[in-house]
Amino acid sequence: MKKTLAIFFLSTYLLSTTELFQLLKLPILIEHFVEHQEQDHGMSFLGYLIHHYGGHEPDADYATDMKLPFMQLTDGLALSASLTPNFVHFHFSHLVLPHGKPLFTHQDDDLVSAYLRSIWQPPRHS
């Protein structure tokens with residue numbers, strides 16, 4: 001029972017916070033493929049995918065095409081939140097302004113890591 005409940009909550013979470021809900025549109029993909037195959041009996045499933053996901057032009061069934069999975073990503077924030085990097089590094093080069101004065105004079109290339117390393121050091125008594 002616990003395993004079933006955990007799978008339910010995990011799938012509910014993933015379908016609501018990521019683009020995985022697009023997989024629920026797979027029946028539309030199959031129905032639309034069948035429609036195309038009725039019009040063109042020689043069309044393979046791979047040819048159908050290339051036609052629709054390979055940058056095809058708007059045509060008579062464009063409204064149905066836009067209902068296919070992954071044709072329109074709805075929430076860029078949900079996708080970007082799941083793909084954020086673990087560390088962000090700032091690398092400053094030695095820039096010189098037109099009048100000859102340097103813009104950045106700090107010598108440490110990795111400011112974020114230097115700052116974070118100092119947080120976890122024990123207090124020093126002077």
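How many aromatic pairs does the structure hold? I counted 4 aromatic pairs, taking rings of Phe, Tyr and Trp (its six-membered ring) as paired if their centres lie within 6.5 Å. I also noted that Phe33, Phe45 and Tyr48 form one aromatic cluster.

Before going on, I recorded that this is a predicted model, in which local features need pLDDT of at least 70 and side-chain atom pairs count only at pLDDT 80 or more, while totals for chains, interfaces and linings use all residues. Residues are numbered from 1 along each chain as its sequence is written, and side-chain values use heavy atoms, with hydrogens and water left out.

I then looked up phenylalanine 70, which lies in the loop between helix H4 (62–65) and helix H5 (76–82), helices being DSSP runs of H or I with at least four residues, numbered from the N terminus. Its phi is near 65°, a positive value in a residue other than glycine. With a relative accessible area of 41%, phenylalanine 70 is partly exposed (buried means under 20%, exposed over 50%, partly exposed in between, with a 1.4 Å probe and protein chains only).

I next followed the backbone nitrogen of phenylalanine 70 and found a polar atom of the side chain of glutamine 22 at 2.9 Å. Glutamine 22 lies in the loop between helix H1 (2–17) and helix H2 (26–39), and glutamine 22 counts as buried because its relative accessibility is 0%.

My last entry concerns leucine 24, whose place is also in the loop between H1 and H2; leucine 24 counts as exposed, because its relative accessibility is 61%.

Conventions. Helices (H or I, at least four residues) and strands (E, at least two) are DSSP runs, numbered from the N terminus. Rings of Phe, Tyr and Trp (its six-membered ring) pair if their centres lie within 6.5 Å; planes under 30 degrees apart count as stacked, over 60 as edge-to-face and the rest as tilted. A polar contact is a pair of N or O atoms within 3.5 Å; within protein, one must be able to donate a hydrogen and the other to accept it, and residues adjacent in sequence count only if both atoms are side-chain atoms.
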